[in-house]
Amino acid sequence: MSSKDVLREFDNVLSVFSNVLGEKKYLFGERLSEIDCLLFGHLYAMLTTKYMGTFGGDLQQTIAKYQNLIDHTKELDRRGFNHALISFAHFITLFNIFLKA
């Protein structure tokens, strides 16, 4: 699979997530899910890491096409992750807090 093929598939996956999220607060409505957290982790890493390898800035440019996914990532970061290095136990605690919110 070429890098262009990978980026095309990545774009397709982001499109699905963007469509599912739509205008909602979270992917499945008003409650944070594991999928929201997984999406946050992946997008946050790609948006805040400088890639010098195969994809360069192409990952960030692809994500930039989906403003609702960027907003979702920023909101989760603002609500609790806020650039902190957290352990898995802290992550579970935060996740439970988000579920009750």
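pLDDT is the predictor's confidence in each residue, from 0 to 100. The protein averages a pLDDT of 84, and 79% of the residues score at least 70. This is a predicted model, in which local features need pLDDT of at least 70 and side-chain atom pairs count only at pLDDT 80 or more, while totals for chains, interfaces and linings use all residues. Residues are numbered from 1 along each chain as its sequence is written, and side-chain values use heavy atoms, with hydrogens and water left out.

**View 1. Helix α1, residues 3–21.** Helices (H or I, at least four residues) and strands (E, at least two) are DSSP runs, numbered from the N terminus. Confidence is highest in α1, at a mean of 96, and lowest in helix α5 (residues 88–100), at 64. The expected span of a helix is 1.5 Å times one less than its number of residues. For the 19 residues of α1 this gives 27 Å, which agrees with the 27 Å between its end C-alpha atoms. After α1 comes Gly22, with a positive phi near 50 degrees.

**View 2. The two sides of α1.** Buried means under 20% relative accessible area, exposed over 50%, and partly exposed in between (1.4 Å probe, protein chains only). In α1, Leu7, Phe10, Asp11, Leu14, Ser18 and Leu21 are buried. Seen down the helix axis, these buried residues fall within an arc of 105 degrees, so they line one face of α1. The arc is that of the directions from the helix axis to the C-beta atoms. Exposed Val16 and Asn19 sit on the face turned away from the buried side.

**View 3. The largest nonpolar core.** A nonpolar core is a set of buried Ala, Val, Leu, Ile, Met, Phe, Trp, Tyr and Cys residues joined through side-chain atoms within 4.5 Å. The largest has 13 residues, and Phe10, Leu14, Leu43, Ile63 and Leu69 have the most contacts inside it. At least two residues come from each of α1, α2, α3 (58–63) and α4 (67–81). The largest share, four residues, is from α1. A second, separate core has five residues, among them Leu32, Cys37, Phe40 and Leu76.

**View 4. Phe28, in the loop between α1 and α2.** Phe28 counts as exposed because its relative accessibility is 59%. Contact means heavy atoms within 4.5 Å. Leaving aside residues up to four places away in sequence, Phe28 touches Ser33 and Ile35.
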